Amino acid sequence: MTDPVVEARARLSGGTSGGPIYRAVAASLLGRATGGTLLDVGCGTGALRGHVAAQFGRYVGADAVRYSGFPEGDEFHPIDLDTGRVPVPDGFADVVTAIEVIEHLENPRQFARELSRLARPGGWVVVSTPNQLSLLSKLTLLALNEFNAFRAGSYPAHLSALLEVDLRRIAAECGWVDVCVRYTASGRVPGVRWHWPRWLSRLAPRALSDNVLLVARKPGGGG
């Protein structure tokens, strides 16, 4: 049974992320992984499934909560990601995703090692998190001494703020290869509810994206 405190903290996210993040994940896997099993760790409502269903034969979710809306016919594993392992064998999935999950956890490096265990040799790992290098986040830090996604209203859901360099270091520590960092090219304009025009975000993705993705491969296998 999931700890009630952990479950309450998990529910603060609503179990879903933005469409631009899911689309960026799906795009990042094109040409890298097709077919087989995708394990979505911290799956929430399973919204990623609709964006990758054509690319994979099997979708499996794991989270602290089985949210309403998670696909009834798909396999699901309850798990406290701060303290436990996903109850599946080593090398379970061809692709392991953790979409907007790592910032919710007490130990990002321990979590990354678990993602590595779950991926088959030669399989892919995709991690996304709020982008602390965006113009919005930097201006919020300058004005309020807090990253935008880690202000008081986001606590205790958001715990661990990671920069691009932290993601790259974690990947190196896990021994991952073919590391690629990409941005969603979707971000909010500071001070208003509007988003930057997509063409402009594509010109300066690090500065004008709300989220960043790390895509990397676990060594071994057939690649």
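The side chains of aspartate 178 and arginine 217 meet in a salt bridge, 2.8 Å from N to O; a salt bridge is a side-chain nitrogen of Lys or Arg within 4 Å of a carboxyl oxygen of Asp or Glu. The model is predicted, so that local features need pLDDT of at least 70 and side-chain atom pairs count only at pLDDT 80 or more, while totals for chains, interfaces and linings use all residues. Residues are numbered from 1 along each chain as its sequence is written, and side-chain values use heavy atoms, with hydrogens and water left out.

### Exercise 1. Salt bridges

*Solution.* 

Step 1. Aspartate 178 belongs to strand S6 and arginine 217 to strand S7; the pair links distant parts of the chain, 39 residues apart. Helices (H or I, at least four residues) and strands (E, at least two) are DSSP runs, numbered from the N terminus.

Step 2. Buried means under 20% relative accessible area, exposed over 50%, and partly exposed in between, with a 1.4 Å probe and protein chains only. Aspartate 178, at 45%, is therefore partly exposed, whereas arginine 217 has 15% relative accessibility and counts as buried.

*Solution.* 

Step 1. The network consists of Arg85, Asp90, Glu114 and Arg117.

Step 2. Within it, arginine 117 forms a salt bridge with aspartate 90, with the closest N and O atoms 2.7 Å apart. Arginine 117 is in helix H4 and aspartate 90 in the loop between S3 and S4, 27 residues apart.

Step 3. Arginine 117 has 10% relative accessibility and counts as buried; aspartate 90, with 55%, is exposed.

*Solution.* 

Step 1. The closest N and O atoms of arginine 109 and glutamate 173 are 2.8 Å apart.

Step 2. Arginine 109 is partly exposed at 31% relative accessibility, and glutamate 173 is exposed at 51%. The structure holds 10 salt bridges.

### Exercise 2. Aromatic pairs

How many aromatic pairs does a search of the whole structure find?

*Solution.* 

Step 1. The search finds two. Rings of Phe, Tyr and Trp (its six-membered ring) pair if their centres lie within 6.5 Å; planes under 30 degrees apart count as stacked, over 60 as edge-to-face and the rest as tilted.

Step 2. For tyrosine 59 and phenylalanine 70, the ring centres are 6.2 Å apart and the planes are at 35°, so this pair is tilted. Tyrosine 59 lies in strand S2 and phenylalanine 70 in the loop between S2 and S3, so the pair ties together parts 11 residues apart in sequence.

Step 3. Phenylalanine 70 and phenylalanine 76 form an edge-to-face pair, 5.3 Å centre to centre with 65° between the planes.

Step 4. Phenylalanine 70 is buried at 3% relative accessible area, and phenylalanine 76 counts as buried at 15%. Ring pairs link Tyr59, Phe70 and Phe76 into a cluster.

### Exercise 3. The sheet

In what order do the seven strands of the open sheet lie?

*Solution.* 

Step 1. The order is S3-S2-S1-S4-S5-S7-S6, with mixed pairing. Two strands pair if DSSP finds at least two bridges between them.

Step 2. Strand S3 (75-78) and S6 are the edge strands, each pairing on one side only.

Step 3. S6 and S7 run antiparallel and are joined by five bridges; arginine 182 stands opposite leucine 213 in S7.

### Exercise 4. The nonpolar core

Which members of the largest nonpolar core touch the most other members?

*Solution.* 

Step 1. A nonpolar core is a set of buried Ala, Val, Leu, Ile, Met, Phe, Trp, Tyr and Cys residues joined through side-chain atoms within 4.5 Å. Of the 32 residues in the largest core, Leu39, Val41, Leu81, Val86, Phe111 and Leu115 touch the most other members.

Step 2. H4 gives the most to this core, with four residues.

Step 3. Leaving aside neighbours within four places in sequence, phenylalanine 111 is in contact (heavy atoms within 4.5 Å) with Val41, Leu81, Ala98, Val101, Ile102 and Leu105.

Step 4. Apart from this core lies another, of 21 residues, among them Ala24, Ala26, Leu38 and Val126.
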